[in-house]
Amino acid sequence: MEPPQIATMSTNPELTDELIQFLRDRYSEEVAELAQHYPREQRSLRIDYDDVFRYDPDLADDLLDQPARMLDYFEEALRLYDLPIDVSLSNAHVRVFNLPETVSHDVEDVSRHDNIGSLLDVRGQVQKVSKVKPRVMEAAFECQRCGTVTRIPQVGDQLEEPHECQGCERQGPFRLNSSASTWTDHQFARVQQPPERTKGGEGDTIDVHLEDDLIQEFEAGDRVTLTGILDIEDPTKEQKRDVDTTVDARAVVREESDYEDIDVDEHLDEIKAIAKSDRGDPYDLLVQSINPQHRGDEDVKLAIALQMFGGWSRNGEKRGDSHILLMGDPGCGKSTFLQAVDDLAPRSTYASGKGATAAGLTAAAVADDFGETEWGLEAGALVLADGGVACIDEIDKVNDNAVSSLHDALESQQVRVNKAGINATLNSRTALLAAGNPREGRFDPYQPRAQQLDLGPTLMSRFDLMFMVSDSPDADVDRDVVEHMMRSRRAAAKRALGEELTEEERKSIEPEIPREVLRAYIAYAKEEVTPYIRDENTEAREYLKEEFLKIRLANADEDDSPVPVTYRQEEAIERLAEASARVRLSDEVTKQDVDRALSLVRKSMQQVGIDPETGEFDVDAVETGQSKSQRDRRRQVLSIIGDQDGTTGEEVADIMQMEQRKIEHDVQELKDRGKVYELDGELRVS
């Protein structure tokens, strides 16, 4: 019996010669550079599809129609290219990228059945990557009877052994000789439709296989364009008619810009007109463009607008993103703000705190459900929204483990994963817009509002702004809100029927700045504008310093004053002032920008950090979870319990002449902190 033949490509000398000539004419310098750095520093020659098309449109068409065959010929041409005698590019790759728009698709637009075997570009966001593993390309099998080595090129996922030994012509047994075999590194990735471009629900995904120098070209959360051949997975013995598809990657391009998918040029004239106030005050236009069906809460809308524009991050050295928390009673429209931002922000994710895991919010090493690896790195909401806004609803429902994972992600804007042999740091340069309800469903007017949300003080302190979206009955306000709701619903009906709307009806449902213009406006400002308080702008600098000190030192000379505002608020003011400058497309932060930021910070502090017992702002209510008045009262409660050597909460309330419910709440807090315990119905100091 004849020995098995190792498969070789059927050559076409004319085609090979033509491709060699193409390389000489268009890529001689690139080939020389590859030869100089091959194989340690560079292993591939990158070819722009446009260059092939301009050289010979027929060659370009063949590349799209028969990609595997044509890429083999390209690599053969590279091997046969005139090079110094001591240089060989025998295993170098040819990577073709930048395919025409006709074969470039978002993940959800890839037609699986139409593109099997085709070369295409797939644009998406990396959701998950596997570990890197070695894969055998040509396996050397040693016959354990006679020692003859037989080499078998490997294709597919299953290891293929020789049918018989080339030496003794027996059917083995064989042993894989790993040192004599040829190996490469390989990796799997899952690419998804970017969250802000999904059409509702979970975005479509597609699995990608990468080899050799394409591995570790990106991380979970990165935006990429993958050039590859859509292929079916190898059928099994019990294969049904349905098959899974995988992209065999041939080139990878990471997005250099955060907003490459947004056509800014189309709207640039309108953007500049808005920024110059040609259409009215740009800040008012922004307020009227965010969630127009929600009446009121203009401060919240302005804060959210500035959050989307963001401050300047200085290449990661200083956080530029502002984090905002919306607190309030149920049914106040908090979720509609999150939905509006998810729709408007050029990059965004939306998640609900119910059932959210640490992996779902940040990133984690998780068990694989693709490829053959045991663990993979999966990006969560904050990583997927890198460069944009992550919206988390019902953040008070997030479990403790997930909450703790948010701390570092919000401050350092990085997510670190160390598990199952995976050590990775992912970017989460993301602004967080979160909404939550109070612990008891509605707010207790006798307790600080910040304390009534089930978030630890450490996480609470990460938010630059916190607002109450309240539901307090007020005849005039309620009448205005109801009229607006009726008007917007009527306007929606008239628009659906093609009827003409009045100006008031239009404003009740339509933003002043159209969605696509606003998205482009934000993208342009974040990419092109780098605002900060310049050295020569002493007015803005001195104003910020003096106004911050006024807030920080308010009542500081009094012995019983609350703990002063921390320096975190100063950085929050600067971030918001820079975002305000970006709205005007200005690199200069002015006194007016600082004043706008200060106004929002003051209003946030007034809404959330006011101690209801004293009426004063107390940063402790936010930073430590209890106000100064509570801390002083609990110290007194603890002293009375210690002096009495056994008493009840009712007796403590009588001694202090205070409401029993309030004292019982303090006693419970002291129990939770391990300061007191109850024995035979009496309270004692631990």
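**Aromatic pairs, packing and confidence**

Student: How many aromatic pairs does the count come to?

Tutor: This is a predicted model, in which local features need pLDDT of at least 70, side-chain atom pairs count only at pLDDT 80 or more, and totals for chains, interfaces and linings use all residues. Residues are numbered from 1 along each chain as its sequence is written, and side-chain values use heavy atoms, with hydrogens and water left out. Rings of Phe, Tyr and Trp (its six-membered ring) pair if their centres lie within 6.5 Å; planes under 30 degrees apart count as stacked, over 60 as edge-to-face and the rest as tilted. By this rule, the number of aromatic pairs is six.

Student: Of what kind is the pair formed by Phe 309 and Tyr 521, and how far apart in sequence are the parts tied together?

Tutor: The ring centres of Phe 309 and Tyr 521 are 5.0 Å apart and the planes stand at 85°, so the pair is edge-to-face. Helices (H or I, at least four residues) and strands (E, at least two) are DSSP runs, numbered from the N terminus. Phe 309 belongs to helix H9 and Tyr 521 to helix H17 (residues 515–528), so the parts tied together are separated in sequence by 212 residues.

Student: How are H9 and H10 oriented, and what is the hand of the crossing?

Tutor: Helix H9 (residues 298–309) packs with helix H10 (residues 334–344) at an angle of about 30°, the axes being 12 Å apart. That makes H9 roughly parallel to H10, since angles under 35 degrees count as roughly parallel, over 145 as roughly antiparallel, 65 to 115 as roughly perpendicular and the rest as oblique. Axes are lines fitted to C-alpha atoms, for helices over the stretch in contact, and angles run from 0 to 180 degrees between N-to-C directions. A crossing is left-handed if the near helix is turned anticlockwise from the far one by less than a right angle, and right-handed if clockwise; that of H9 and H10 is right-handed.

Student: How are H9 and H20 oriented to each other?

Tutor: H9 packs with helix H20 (residues 591–608) at an angle of about 125°, with 11 Å between the axes. The crossing of H9 past H20 is left-handed. The orientation of H9 and H20 is therefore oblique.

Student: Which residues of H20 make the contact with H9?

Tutor: Contact means heavy atoms within 4.5 Å. On the H9 side, the contact is made by Asp 299, Leu 302, Ala 303 and Leu 306. The H20 residues are Arg 596, Leu 600 and Lys 603.

Student: Which residue does a cis peptide bond join to Tyr 38?

Tutor: The bond has an omega of about 0°.

Student: Which helix has the lowest mean pLDDT among the elements of the protein chain?

Tutor: pLDDT is the predictor's confidence in each residue, from 0 to 100. The chain has a mean of 82, with 87% of its residues at 70 or more. Among the elements, helix H7 (residues 268–275) has the highest mean, 96, and the lowest, 56, belongs to helix H21 (residues 620–623).
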